[in-house]
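Welcome! Here is a short briefing on one protein structure, with a look at its aromatic rings and at one of its helices. Keep the 3D view open as you read.

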Amino acid sequence: MLLIQYPKCTTCQKAKKWLDAHDISYTVRHIVEDHPSYEELKQWHEKSGLPLKRFFNTSGMLYRQMELKDKLPGMSEDEQLKLLATDGMLVKRPLIVDGDRILIGFKETEWEEAFQ
């Protein structure tokens, strides 16, 4: 299982603590130093069944600076994936990749359900 995270992110820290408390093993990947590629994001998006917008870190500074709230609706899915792949700070975190299971962000109830 892969945990893609940003070490300074408090939500990522909570997610790691939760995984550790539940004895769930994982490999950590730094989202900025080793950001997800276009191919990875495309595959994860397809597996997740979630809207592509969920993959964007909408509360991030870069998202706001780039005014993506207004730009995304006019972009194709392919353009959005290419944009996401340019900078790890655009990607919502933490991100769990475990086979066909993809979890975005940390909501304890969602994770409890996913890891039953």
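In this predicted model, W18, F106, W111 and F115 come together as one aromatic cluster. A search of the whole structure finds 6 aromatic pairs, and two of them are described below.

**The pair W18 and F115**
- The rings of W18 and F115 form a tilted pair, with 5.7 Å from centre to centre and 50° between the planes.
- W18 belongs to helix α1 (residues 10-21), while F115 sits in the segment after α6 (108-114), so this pair ties together parts that are 97 residues apart in sequence.
- W18 counts as buried because its relative accessibility is 7%, under the 20% cut-off.
- F115 is buried too, with a relative accessible area of 18%.

**The buried side of helix α5**
- Helix α5 spans residues 77-84, and its residues Q80, L81, L83 and L84 are buried.
- These four lie on the same side of α5, because they cover an arc of only 160° around the axis.

Methods. Residues are numbered from 1 along each chain as its sequence is written. This is a predicted model: local features need pLDDT of at least 70, side-chain atom pairs count only at pLDDT 80 or more; totals for chains, interfaces and linings use all residues. Side-chain values use heavy atoms; hydrogens and water are left out. Buried means under 20% relative accessible area, exposed over 50%, partly exposed in between (1.4 Å probe, protein chains only). Helices (H or I, at least four residues) and strands (E, at least two) are DSSP runs, numbered from the N terminus. The arc is that of the directions from the helix axis to the C-beta atoms. Rings of Phe, Tyr and Trp (its six-membered ring) pair if their centres lie within 6.5 Å; planes under 30 degrees apart count as stacked, over 60 as edge-to-face and the rest as tilted.
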